[in-house]
Amino acid sequence: MVIMKASPKLSNASKMPCKSWSLPAWKSCPSARKSDGKPVDACNYCYALTGAYHFPATIASREHNMKDWRCDDWVSVMVNKIGKSKYFRWFDSGDVYSLELAEKIYHVMALTENCKHWLPTRMYKDSNFVPIFEQMNALPNVVVRYSSDSIKGELVQGSVTSTIIESADEFKPSKGESLCRAFTRKGKCDTCRACWSKDVSVIKYALHGNKVKDKWFVNV
């Protein structure tokens with residue numbers, strides 16, 4: 001059944017300089033699972049399964065978005081929501097688990113050319129998604145970053161990517177690479193916009209936080 005009137009819920013993650021559109025973590029993350037159903041290494045530290053992400057209002061908004069994007073008018077409503085925003089992030093929790101959703105997001109991006117979009121994803125591991133991601137990245141205002149599963153700095157080769165390193169001390173500056181220094185700014189991006197930049201091919205994040213409890217990794 002298609003809901004006829006879209007009403008997307010945007011989030012205001014405290015770290016970010018902009019709004020975001022998100023889905024329930026793990027539930028919408030098929031590529032976060034290994035073949036045995038357990039999370040890949042990076043997802044063992046998923047911030048979106050901890051803390052404020054367990055607040056009822058937060059859960060409700062992401063569950064709402066899981067259904068809402070199927071509305072016929074979702075693209076036009078999202079374009080209006082983004083409006084004159086200069087930056088936008090897709091998925092501070094969750095992932096683009098559906099090709100139909102990916103195609104709709106592409107249209108939103110194309111219709112908001114004055115806004116820079118950043119979309120991190122692991123769905124590149126499903127080859128069916130690669131063509132739409134390539135279309136997104138061909139837009140001048142879009143960066144799709146392929147998230148590595150590693151916590152030891154391994155990269156997704158041949159693409160714009162991000163990875164986790166065990167310590168910021170491991171980072172050795174190299175052309176096209178950037179270390180996320182939000183940990184020096186109380187967890188905030190502040191003036192940094194590296195994740196949205198096509199000139200930055202690799203973002204590295206220092207490992208932080210605790211492992212997520214196994215009970216949150218349930219098949220849904």
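**Helix α2 and its surroundings**

Helix α2 is followed by Gly 83, a residue whose phi is positive, near 50°; helices here are DSSP runs of H or I with at least four residues, strands are runs of E with at least two, and both are numbered from the N terminus. The model is a predicted one, in which local features need pLDDT of at least 70 and side-chain atom pairs count only at pLDDT 80 or more, while totals for chains, interfaces and linings use all residues. Residues are numbered from 1 along each chain as its sequence is written, and side-chain values use heavy atoms, with hydrogens and water left out.

Within α2, the residues Trp 74, Val 75, Val 77, Met 78, Val 79 and Ile 82 are buried, where buried means under 20% relative accessible area, exposed means over 50% and partly exposed lies in between, for a 1.4 Å probe and protein chains only. The cover over these buried residues of α2 includes β1 (10-11), β2 (20-21), α1 (56-68), β3 (87-90), α3 and β4 (116-121).

**Two helix contacts**

Two packed helices are described by the angle between their axes and the distance between the axes. The axes are lines fitted to C-alpha atoms, for helices over the stretch in contact, and angles run from 0 to 180 degrees between N-to-C directions. For helix α2 (residues 74-82) and helix α3 (residues 99-111), the axes come within 9 Å and cross at roughly 40°. On the side of α2, the residues in the contact are Trp 74, Val 75, Met 78, Val 79 and Ile 82, and they meet Leu 101, Lys 104, Ile 105, His 107, Val 108 and Leu 111 of α3, contact being defined as heavy atoms within 4.5 Å. By class, this contact of α2 with α3 has nine nonpolar, one polar and one charged residues; Ala, Val, Leu, Ile, Met, Phe, Trp, Tyr, Cys and Pro count as nonpolar, Asp, Glu, Lys and Arg as charged, and the others, Gly among them, as polar.

Helix α3 also packs with helix α4 (residues 130-138), at an angle of about 10° and with the axes 10 Å apart, which makes α3 roughly parallel to α4. Here Leu 99, Ala 102, Glu 103, Ile 105, Tyr 106 and Met 109 of α3 make the contact with Ile 132, Gln 135 and Met 136 of α4, and the residues divide into seven nonpolar, one polar and one charged.

**Aromatic rings**

Rings of Phe, Tyr and Trp (its six-membered ring) pair if their centres lie within 6.5 Å, with planes under 30 degrees apart counted as stacked, over 60 as edge-to-face and the rest as tilted. By this rule there are eleven aromatic pairs. In one of them the rings of Trp 21 and Phe 91 have their centres 5.7 Å apart and their planes at 75°, so this pair is edge-to-face. It links distant parts of the chain, since Trp 21 is in strand β2 and Phe 91 in the loop between β3 and α3, 70 residues apart. Both Trp 21 and Phe 91 are buried.

Trp 69 and Tyr 97 form another edge-to-face pair, at 6.3 Å centre to centre and with 80° between the planes. Trp 69 lies in the loop between α1 and α2 and Tyr 97 in the loop between β3 and α3, so the pair ties together parts that are 28 residues apart in sequence. Ring pairs also link Trp 21, Trp 74, Phe 88, Trp 90 and Phe 91 into a cluster.

**Individual residues**

Phe 91 has a phi near 70°, a positive value in a residue other than glycine. Trp 26, in the loop between β2 and α1, likewise has a positive phi, of about 70°, although it is not a glycine, and Trp 26 is buried with a relative accessible area of 4%.

His 117 lies in strand β4 and is buried, with a relative accessible area of 0%. Not counting residues up to four places away in sequence, His 117 touches Ile 82, Phe 88, Trp 90, Met 109, Thr 112, Asn 141, Val 142, Val 143 and Trp 196.

Methods:
Parallel < 35°, antiparallel > 145°, perpendicular 65-115°, else oblique.
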